[in-house]
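The sequence and the model are shown first.

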Amino acid sequence: MSGRFSQKDIIVSLLRGFLALCIVSLAPLVSASEDYPSRPLKVVAPMAAGGGTDTVARLFAQKMSARLAQPVIVENRAGAGGQIGTEIVASAAPDGYTLLFASSSTLTLPYLRKTRFELLRDFVPVGQVGVGGFVLVVSPKLPLRTLAEFLTAAKANPGKYTFGSPGVGSAGHLGLHLLKAKSGIEMVHVPFKSSTEVAQALISGQIDSAIDIVPIQKPYIDAQSVRALATTGSVRDANLPSLPTFNESGLVPGGYELTFWYGMFVPRATPAPVVQRVQREFATVMKDPEVEQRVKAFSLEPSKLSADGFAKNIASDTAMWRKVIEDNKIVVND
């Protein structure tokens with residue numbers, strides 16, 4: 001027998017060593033997942049404190065804490081439209097102790113600017129909180145009082161009317177481009193830094209229109225400081241029940257829906273038992289009557305989607321918004 005090893009022997013030996021190394025390196029994760037959670041959890045909200053993402057995140061953190069018997073702390077890491085906080089979670093240890101609480105705007109970020117993440121590539125959905133619509137509002141200085149009048153005027157006067165948004169790449173900005181693609185209107189975009197600035201510009205007549213979330217615009221609508229023409233969800237908004245949806249009007253070929261969501265995620269490499277535990281507790285929290293009531297108060301329809309169903313919707317929405325962004329050559333330059 002020869003004392004030399006064949007190439008096959010060397011390859012087999014290397015493979016065995018690699019397999020053993022993998023088993024050893026995975027062992028701590030498996031052991032840790034069995035005891036999960038054994039210490040406090042952190043939920044990163046990639047937006048500023050006091051906003052929609054932060055408010056809903058704190059509600060779920062409180063409820064998840066009770067379910068997991070560990071403190072669940074919300075940490076606001078705002079900046080770059082949500083990019084900074086999202087990238088922090090994407091690069092965090094995939095052990096279930098750092099979670100992301102994000103809105104639908106997160107899925108468009110990689111197509112608007114250079115990022116180190118893509119939502120479904122780098123994260124696993126834990127669950128969707130709910131889905132909300134937007135509202136089309138116009139300056140009270142305009143004589144336009146219905147959606148039909150708005151669309152007719154915009155089509156008849158390309159480039160005459162302005163629309164404001166909380167910034168390039170925001171949902172309001174992309175939503176107007178989607179409406180443009182479906183209805184043929186042509187308007188001038190005026191970006192601002194926040195929804196509050198958009199509302200003030202509408203009130204003063206500095207801009208003509210905007211599409212924004214209902215909770216932000218409702219106080220101005222109630223005060224008749226801005227005029228609401230239609231909502232963009234699949235059904236009427238419970239907080240604006242007398243206002244018709246775009247689709248009720250039948251004025252946009254193929255229909256027009258613009259919605260947003262809030263949801264929770266963990267890094268992609270998180271062990272399956274940990275993912276399943278968090279998903280299970282999230283689903284239980286969603287059945288809490290107090291949670292349902294508070295979610296609805298924020299003009300959201302509580303989600304009935306499973307985590308897998310949520311992932312499929314994200315994939316579909318990503319394809320749609322990526323096309324809108326690429327067709328209109330929208331780029332965010334910070």
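A contact here means heavy atoms within 4.5 Å. Among contacts in the protein between residues at least 6 apart in sequence, 78% join residues at least 24 apart. The model is a predicted one, in which local features need pLDDT of at least 70 and side-chain atom pairs count only at pLDDT 80 or more, while totals for chains, interfaces and linings use all residues. Residues are numbered from 1 along each chain as its sequence is written, and side-chain values use heavy atoms, with hydrogens and water left out.

**Overall make-up and cores**

The protein has 13 helices and 10 strands; helices (H or I, at least four residues) and strands (E, at least two) are DSSP runs, numbered from the N terminus. Of its 334 residues, 49% count as buried. Buried means under 20% relative accessible area, exposed means over 50%, and partly exposed lies in between (1.4 Å probe, protein chains only).

A nonpolar core is a set of buried Ala, Val, Leu, Ile, Met, Phe, Trp, Tyr and Cys residues joined through side-chain atoms within 4.5 Å. In the largest nonpolar core, which has 79 residues, the members that touch the most other members are F60, F101, F150, M264 and F265. Another core, of 16 residues, lies apart from it and has V198, L202, I221 and L240 among its members. Returning to F150, its contacts are L136, V138, L144, M187, S209 and L229, when residues up to four places away in sequence are not counted. In soluble globular proteins, nonpolar side chains tend to be buried together.

**The pair of helix 2 and helix 11**

Two packed helices are described by the angle between their axes and the distance between the axes. Helix 2 (residues 52-68) packs with helix 11 (residues 272-286) at an angle of about 115 degrees, and their axes are 10 Å apart. The axes are lines fitted to C-alpha atoms, for helices over the stretch in contact, and angles run from 0 to 180 degrees between N-to-C directions. The crossing of helix 2 and helix 11 is right-handed; a crossing is right-handed if the near helix is turned clockwise from the far one by less than a right angle, and left-handed if anticlockwise.

Helix 2 contributes F60, K63, M64, R67 and L68 to the contact, and helix 11 contributes R277, V278, E281, F282, T284, V285 and M286. By class, this contact of helix 2 with helix 11 has 7 nonpolar, 1 polar and 4 charged residues. Ala, Val, Leu, Ile, Met, Phe, Trp, Tyr, Cys and Pro count as nonpolar, Asp, Glu, Lys and Arg as charged, and the others, Gly among them, as polar.

**Salt bridges**

A salt bridge is a side-chain nitrogen of Lys or Arg within 4 Å of a carboxyl oxygen of Asp or Glu. The structure holds 17 salt bridges, including those in the table.

| Pair | N to O distance |
|---|---|
| E281 and R67 | 2.7 Å |
| E326 and R322 | 3.1 Å |
| D327 and K323 | 2.6 Å |

E281 lies in helix 11 and R67 in helix 2, so this pair ties together parts that are 214 residues apart in sequence. E281 is buried, with a relative accessible area of 5%, whereas R67 is partly exposed at 40%.

E326 and R322 both lie in helix 13 (residues 307-327), 4 residues apart, about one turn of the helix. E326 is partly exposed at 48% relative accessible area, and R322 is partly exposed at 39%. D327 and K323 also both lie in helix 13, 4 residues apart; D327 counts as partly exposed at 48% relative accessibility. Elsewhere, salt bridges that share partners join K63, D288, E290 and R294 into one network.

**Backbone features and loops**

Y36 and P37 are joined by a cis peptide bond, with omega about -10 degrees. P37 is found in the loop between helix 1 (7-34) and strand 1 (41-45). P37 is also among the residues that Q70 touches, with S38, R39, P40, L41 and S65, not counting residues up to four places away in sequence. Q70 itself lies in the loop between helix 2 and strand 2 (72-76) and is buried, with a relative accessible area of 17%.

S299, a residue other than glycine, has a positive phi near 60 degrees. S299 lies in the loop between helix 12 (289-297) and strand 10 (300-302) and counts as buried at 7% relative accessibility. K329, not a glycine either, has a positive phi of about 50 degrees. K329 is placed in the segment after helix 13 and is exposed, with a relative accessible area of 71%.
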